[in-house]
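Me: Hey, can you help me look through this one? I've got a few quick questions.

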Amino acid sequence: MFRLLKDAFKTAGADKIISGYILWFFMSAVPIWLCEPNINTYQDSLWFCFASATTIGYGDVAAVTLIGRIITVILSIYSIAAIAIFTAVVTSFFTDIARLKASDSAREFADDLKHLSELSKDELEQLSQHIREYQKKNH
């Protein structure tokens, strides 16, 4: 499943966006750490970036310098876009899987109808049950 998701990200071109985002996240922590007077360690800077990126904004640390605020704004906008892209790719992936399963089911159903006279009594009963279930779902 992980490999299929990875392929979906590559196909959509989202792998580069997400990789770029992760790189920007860790790199933006450096100037924040160096220019913000309330942030004393790289770990604190990462914490600030996390709070800003997730738009949680705990308020325990805030950017007060122009550079820190600009980087925080870029990080926040980039985070919103990256999360939206991530969500869209994952949703599309699972929608495609559901569509493929439905298509396979439709093909099997059509094949059963083509060979109706060759089906056993049990297979006919199963086909009838599937049709009843389908009618219940769509009415």
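Me: Leaving aside its neighbours within four places in sequence, which residues is S52 in contact with?
Reply: Keep in mind that this is a predicted model. In it, S52 is in contact with T72, L75 and S76, once you leave aside the neighbours within four places in sequence.

Me: OK, and which helix is S52 found in?
Reply: S52 is in helix α3, which covers residues 42-53.

Me: Is S52 buried or exposed?
Reply: Buried, because its relative accessible area is 11% and the cut-off for buried is under 20%.

Me: New topic: rings. How many aromatic pairs does the structure hold?
Reply: There are eight aromatic pairs. One of them is F9 with F86, a tilted pair at 5.3 Å centre to centre, with 35° between the planes.

Me: Where do F9 and F86 lie?
Reply: F9 is in helix α1 (residues 2-12) and F86 is in helix α4 (residues 66-114), so this pair ties together parts that are 77 residues apart in sequence.

Me: And how accessible are F9 and F86?
Reply: F9 is buried at 10% relative accessibility, while F86 is partly exposed, with a relative accessible area of 43%.

Me: What about Y21 and F25?
Reply: Those two form a tilted aromatic pair too, 6.3 Å centre to centre with 50° between the planes. Both sit in helix α2 (residues 14-35), four residues apart, or about one turn of the helix.

Me: Buried or exposed, those two?
Reply: Y21 and F25 are both buried.

Note on methods:
Residues are numbered from 1 along each chain as its sequence is written. This is a predicted model: local features need pLDDT of at least 70, side-chain atom pairs count only at pLDDT 80 or more; totals for chains, interfaces and linings use all residues. Side-chain values use heavy atoms; hydrogens and water are left out. Helices (H or I, at least four residues) and strands (E, at least two) are DSSP runs, numbered from the N terminus. Buried means under 20% relative accessible area, exposed over 50%, partly exposed in between (1.4 Å probe, protein chains only). Contact means heavy atoms within 4.5 Å. Rings of Phe, Tyr and Trp (its six-membered ring) pair if their centres lie within 6.5 Å; planes under 30 degrees apart count as stacked, over 60 as edge-to-face and the rest as tilted.
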